[in-house]
Amino acid sequence: MTITEKLSELVPACFTALWLQSQEHEEAIMEITQLCARQQWRMAVWDIDQGLRLHGVEGIDCDNANVADPLAAIRFVSAMSVADAPTILVLTNFHRFLGSAEVLQSLARQIVLGKQTRSVLIVLSPIVQIPTELERLFVVIEHPLPTKEQLGEIARGIATEEGELPAPAEMDRVLDAASGMTALEAENAFSLSLVRHQKITPESVWELKTSTLKKSGLLELHQGEDDFNSLGGLENLKAFCRRSLLQPSRDNPLKQPRGVLLLGVPGTGKSAFAKAL
């Protein structure tokens, strides 16, 4: 489900505390803003840099409020609330301020009060880091990464000249390579490919994806030519993986294996098998 679909259910049901995990804050805010405009809900966005920004809220002056203060932002939502429509306050990167006892208490109070005022607080953060005192008050929702269809739209929006888009078969490889990227990462990868090769290629996308994985220090991306034919032994494991990948269970997707754990002493072929797989 998209953010719009989730909020269309949670806000009318008066869930007053939502934790939205997202790596693309501007995209998430844009989707929430469009939903609020369609539903005629009041909305404001707060961050430590720009303070409080009102969307579709008239008759309220926030110029004199200390809107850079997180406490003031929480308290200000009461002034925005009206009886005939929900009020949404998006708190960007607010997990950074939850170490304060005053902010924590004010947030808890506003969440409970929101049931009466129909005001909804949305903490927009790249991680889920909810203090123990608030765990039972928040519902966590996730902003999904772009689908292959959306990645294809991004590619077509960047590659506007003739010959810059690959053939359909290679385009599938490009979209496979871009899967798991944010919209901004995909835009950067496609643009880099155009600069280098005058067309979008999967190799350039993989290169940028590899550098992204290196940031964590926990993962590395392997690209090689080895397959099961080059690996001796482990016949039962090979058969299990072939069956899982090539013969999916159509009657019950829950029966489809999603992974395999390789456990053993060094030198038994775990890494070699993973690379061949």
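Colleague: In which helix does Leu246 lie?

Modeller: Leu246 belongs to helix H9, residues 235-246, where helices (H or I, at least four residues) and strands (E, at least two) are DSSP runs numbered from the N terminus. This is a predicted model, in which local features need pLDDT of at least 70 and side-chain atom pairs count only at pLDDT 80 or more, while totals for chains, interfaces and linings use all residues. Residues are numbered from 1 along each chain as its sequence is written, and side-chain values use heavy atoms, leaving out hydrogens and water.

Colleague: Is Leu246 buried or exposed?

Modeller: Buried means under 20% relative accessible area, exposed over 50%, and partly exposed in between (1.4 Å probe, protein chains only). Leu246 is exposed because its relative accessible area is 66%.

Colleague: And Thr92, buried or exposed?

Modeller: Thr92, in strand E4 (residues 87-92), has a relative accessible area of 10% and is therefore buried. Leaving aside neighbours within four places in sequence, its contacts (heavy atoms within 4.5 Å) are with His25, Ile29, Val45, Trp46, Asp47 and Leu124.

Colleague: Which residues have the most contacts inside the largest nonpolar core?

Modeller: In soluble globular proteins, nonpolar side chains tend to be buried together. A nonpolar core is a set of buried Ala, Val, Leu, Ile, Met, Phe, Trp, Tyr and Cys residues joined through side-chain atoms within 4.5 Å. Here the largest has 25 residues, and Leu89, Leu91, Phe94, Leu107 and Phe138 have the most contacts inside it. Elements giving two or more residues to this core include helix H3 (70-80), E4 and helix H4 (101-117), and the largest share, six residues, comes from H3.
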